[in-house]
Amino acid sequence: MNANMTSPVLRNCFCLLRHPRQPNIQFNKYRFDLVTSSRKISSVEIKKPKTTDSRFYQSNHRKLPVNNRNVTLNRQESQISSVLSSDKNDPDTFGTLSDDWKLQQQLSAMPEEEDDTVEREFLFNKEGKTRLTISQYAKIMKEFISQKKISLAIDVLETRMLKEDRAKPDNYIYNLLITACGQVGYTKKAFQLYNMMKERGLKVTGHTYTGLFNACANSPFPEESLKQALHLRGIMIEKAVLMNQTIYHAMIKAFGRCGDLETAFLLVDEMLEKKIKVTDETFNFLLQACISDKAAGFRHALLVWWKMMQKRVKPNLFSFNLLLRCSRDCGLGDEKSTQQVIQVLLCSGQENIKVPLLNSEAQESTNKGKLLAVTNSTESVPNLISQRPTMGSVIAVTNITQPEHRLMLMGGCKGVLEQMARFKVKPDVKTFTQMLDQLPSTLQAEQELLTAVSETGVSFDVDFCNMLIRKRCLRGDYENAKSVLKMISDRNLRPDMMTFGVLAMTCQTQTLALQLIQDINNLGLRPNVEILGTLLKNACYLRDCAFVMEVMKILKKEDLKPNEQFLKHLENFFRFASKVMSDQKTDDSGKLNQNDFFKFREYYKSWRQKIVTETPPHPWSQFQEVKPEPEDTELLNLGKVKYRKG
């Protein structure tokens, strides 16, 4: 064996080089042995060594003695850097923490750059802020949203997060605000937030689309919202967005309330094709869509109800209330289409029976017999929502134009209550309030409804009483209208401004009007412009100029601004009275004389110059003004602290 290989060549180990000023430390256990090293050298490297600039490679061939102290500190530092760079992953290299510590010291000793100075000044300025977490920002927004302060919730994102704290919101923050805007119909801001999400590269989820469609559904501008809903649906189809039941319901509600019934029904067909479950909530949204069609909405509602029975979907309380609203607000449309719908309803459950259209001129004798068998087998009262629909004794739909007529097609109040009992649905006060608005204007019909209310155990509220007062005032039954006040007192209900508004219809003289204003003041309330508008309408109908001027004085005394309806009544009366006085001294009724008119004319001209008209606010102005209250300011400043320099 070669003599040079008998004793291994040793070199300063890593720890000795790292601590050159500690020569007395023994490192026998951790010395680096070139012969017994675990590093494997290939035959190619032996025959033709690879030239390299690595100082660690060169140091192995120089065979420095262990006790050689002539190596300079710079040489040792170079070897350390070489070891850290080339053999960092070598299993024989011991430890890396010291290297990290040295690197941190070197970085700390470097001079500051301009960006570092700007960041430090931002973080430690005089009015510095503590950046909250995303969940903390969300809690602040939820608190404002629960208080219906949408503008403050939006301000948390636009001012606190983006401008002051320079935080990075995620899609949860945007979805939270889009949902809040959707609930109040703030379509403009909802779509602005949606565009901000896309610009920031955030993922648009199903909650985002649901909030946007809800914003379109609740918007006060249905025509513009319909365009946005159609555009959004086109984007979803283009991107092949996977839609669930919640998204479909929001889309049906949006298109239905905006007046696009065809798209609303088409979406239900898509749900059936994709085997998405159709529930009572789905049909309720369709009934809402029917309400938007004032001309033929009730006809569509009858079809929706029939389809619900076909699918064996149990209607709930909302279903019955929506159906009653359809019968109150919507008509049947053209006669031919109505006859076709009624034919479908009458034929449901009657297999192999082709019932002809109502009032059809060409009817075969066999079909006539079958039609009579269908209609005569039931009572004379029609009911198109029962298990076996029937038209009873009704033979034509031409004259069905009033709400009370459409209610009779469902069996009247009794027929609707029987169907609710069939599905074990208990009516509420809203159900009876809508029935009251569709009853025949007779005292007997109202008494029957009050009996039904007591039998079902429902306690009516002040809104029901207000509707009853209004209904009796419209037919001129003022005494029975005032008797409703005793019902309010017996049930410990408190009259509201709507109560006084309908009671104003009973004030046919100036004395009664002044007594009503005094009663309102005694309760600590203040008359509004709607109540005074009703009094003005009565005064103009009576052609009492003194009464009209008294109402105008009360308006000025209460510091109220007249609305458009108030000014319209006043201008129409002034124009009518001027025309009458130009022809003759008094009108035919003898209630309007020349002296009273001259006083009114002079007062009206001066009053019109001083009064300031009320301009209705924009529906979205309340969401654009940020006016925090003291407790809101405390919540907005949550997490903010003051720093001082130095």
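A: A quick word on terms: a helix here is a DSSP run of H or I at least four residues long, numbered from the N terminus. Also keep in mind that this is a predicted model.

Residues 244-278 come out at 74% helix and 0% strand, with end C-alpha atoms 11 Å apart. For residues 170-204, the end C-alpha atoms also lie 11 Å apart, and that span is 77% helix and 0% strand.

Further along, Thr-499 sits in helix 26, residues 497-503. Its relative accessible area is 0%, and buried means under 20%, so Thr-499 counts as buried. Beyond its neighbours within four places in sequence, Thr-499 touches Val-462, Asn-466, Ile-469, Leu-485 and Ile-488.

Now for the close look: helix 28 (residues 529-542) and helix 30 (residues 564-583). Their axes come within 9 Å and cross at roughly 20°. Angles under 35 degrees count as roughly parallel, so helix 28 and helix 30 are roughly parallel to each other. The crossing of helix 28 past helix 30 is left-handed. On the helix 28 side, the contact uses Val-529, Leu-532, Gly-533, Leu-536, Lys-537 and Cys-540, while helix 30 brings Phe-566, His-569, Leu-570 and Phe-573. Sort that contact by class and you get seven nonpolar, two polar and one charged residues.

Note on methods:
Residues numbered from 1 in each chain as written. Predicted model: local features only at pLDDT ≥ 70, side-chain atom pairs only at ≥ 80, totals over all residues. Heavy atoms only, no water. Helix = DSSP H or I, 4+ residues; strand = E, 2+ residues; numbered from the N terminus. Buried < 20%, exposed > 50% of the residue type's maximum accessible area, 1.4 Å probe, protein only. Contact = heavy atoms within 4.5 Å. Axes fitted to C-alpha atoms, helices over the stretch in contact; angles between N-to-C directions. Parallel < 35°, antiparallel > 145°, perpendicular 65-115°, else oblique. Left-handed = near helix turned anticlockwise from the far one by under 90°. Nonpolar A, V, L, I, M, F, W, Y, C, P; charged D, E, K, R; others polar.
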